[in-house]
Amino acid sequence: MTNITRRHFGIMAGASLSALGLPILSAPSLAQGKPRVVVIGGGPGGATAARYIAKESNGAIDVTLIEPLKTFTTCFFSNLYVGGFRDYKSLTHNYDKVRKGGVKVVHSMAASIDRDKKQVVLAGGGRVPYDRLLVAPGIDIKFDSVPGYSEKAAEVMPHAWKPGAQTQLLVKKLNALKDGDQIVMIAPPNPYRCPPGPYERVSMFAHVLKKKGFKKSRIVILDPKPAFSKQGVFTEGWEKHYPGMIEWQDPKIHGGIKGVDAKTGEVKTDFTNYKPALVNVIPAQMAGKIARDAGLANQSGFCPIDAASMKSTVDPNIFVVGDASIAGEMPKSAFSANSQAKVAAMVIRAELTKSRAFPARYSNTCWSLIAPDDNIKVGASYEPVDGAIKASNSFVSQRNESADLRKQNYKESVDWYQGITTDIFG
Amino acid sequence: MRRAMPARRSATRLLAMAGGMALGLLASPARTADVEYGKHLSAECITCHGASKSDSTIPDIHGLGEAHFVEVLRAYRAKALPNPVMQSIAVRLGDEEISALAAYYTTAKRPK
């Protein structure tokens, strides 16, 4: 796929989508009016796809976005809110420009998908018919993956891994800590949303404690994984900025996470019982309920897709993008979701309006803030190779980089946030 | 690797410092650049460059001259300009893709 040129895909587009390895579906009859695309989920994947389909089809496709919330608070950059670098409002976006871009935005919960009738059933009972459906529900938390943890327990021990009230609760608890108080984070197993996210969050915890002048507080990370994203540069940064404050334990050290007790506030491992002032439990994750209920997920809890199109391998009329999908070597991130959404939007337009189709190409970069002006990044380009999305040209920040470079990374991340949120929400 | 993709003057200066003579300073966009393909490829650029302001670390690339656009992307592809994000993106762009992007961006307006 790497060396396919314009001439190649010009021929491919002129011939058929089958050259891209996509099943050919009959276009909806023009007698039925405009082809209809319905998008479930107004986050980085869904809102991007809805906007691009509406914009690029110039009104030839009827696009409906179903999202229960009237404003969307981004999970990405929420760690900067935890660290006091951003206010909550700056992470919150509305759908006014999505609407102005020609998308019908329906603020309702999508209750189920009737795949036989090609309709989305709304919580109120209404039905929205589609010719193509794009599903971008993000993740659901597997509460029972940590013994003793539950939705109720999350009110005491927040996960804060979905944007909104949970993030605000975490910040409230963080800001109430006194010097000497302990924080314990239970990190998630793979695969999960935002691989460097837990470790950036711990960095932000430490930054807040340091800024308050706390000398005695400690942070313990109980990790079910033997290694984590950008580990070398994170640990270097922790030693530099927060010496002795952060302790990361892999399974060999903690011996196994036995569970939590929200009533007593305890966290138990095979070797130690902790009773910290703040517990941040980030459990295992799975695709959003509507995708699982519709049978789009496999036994992993996530949704298999065709690498060249983001089309569900279960239903050729449905596409799944973002954290709910199994996107090969791409991490679950807003950047990935935005990138995948553009590929899906292009393929959907090609199927419905006979517009040109191009080979899929994806990209991702994840920036993480360790301390003020000390930002690290990891990223790669991606494309379909032998039926799976594979990484190429990957890069990651290195130890001993200059302060200037790390500061430049931070500025770049702030500009990226402005860019991607404009791309998603208008 | 010291700086992210700088503004165009800085990029040109860096190019010269990097010995850009080997990197396509004489490059000219293909006469038959496929603007539609360029527009498609630009979706990858917009994620970061779509909301750039004059003081952004990530520069505004809308309206850049074709020759300059080609020159800078080829320099990133050759890793003569330092940002790894841009290097990763540029490495998989062939001359045809770069020409298509340049042809599109020379007249493209920043999204509003």
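Which residue of chain B forms a salt bridge with Arg356(A)? In this predicted model, where local features need pLDDT of at least 70, side-chain atom pairs count only at pLDDT 80 or more, and totals for chains, interfaces and linings use all residues, the partner is Glu36(B), with the closest N and O atoms 3.0 Å apart. Residues are numbered from 1 along each chain as its sequence is written, chains are lettered from A in the order in which they are written, and side-chain values use heavy atoms, with hydrogens and water left out.

A salt bridge here is a side-chain nitrogen of Lys or Arg within 4 Å of a carboxyl oxygen of Asp or Glu, and by this rule four are found across the interface of chain A and chain B.

Taken as a whole, the interface brings 39 residues of chain A into contact with 30 residues of chain B, contact meaning heavy atoms within 4.5 Å. About 3,100 Å² is buried between the two chains, 53% of it from carbon and sulfur atoms, where buried area is the accessible area (1.4 Å probe) that two parts lose on being put together, summed over both.

Turning to chain A itself, its secondary structure comes to 11 helices and 24 strands.

How values were computed. Helices (H or I, at least four residues) and strands (E, at least two) are DSSP runs, numbered from the N terminus.
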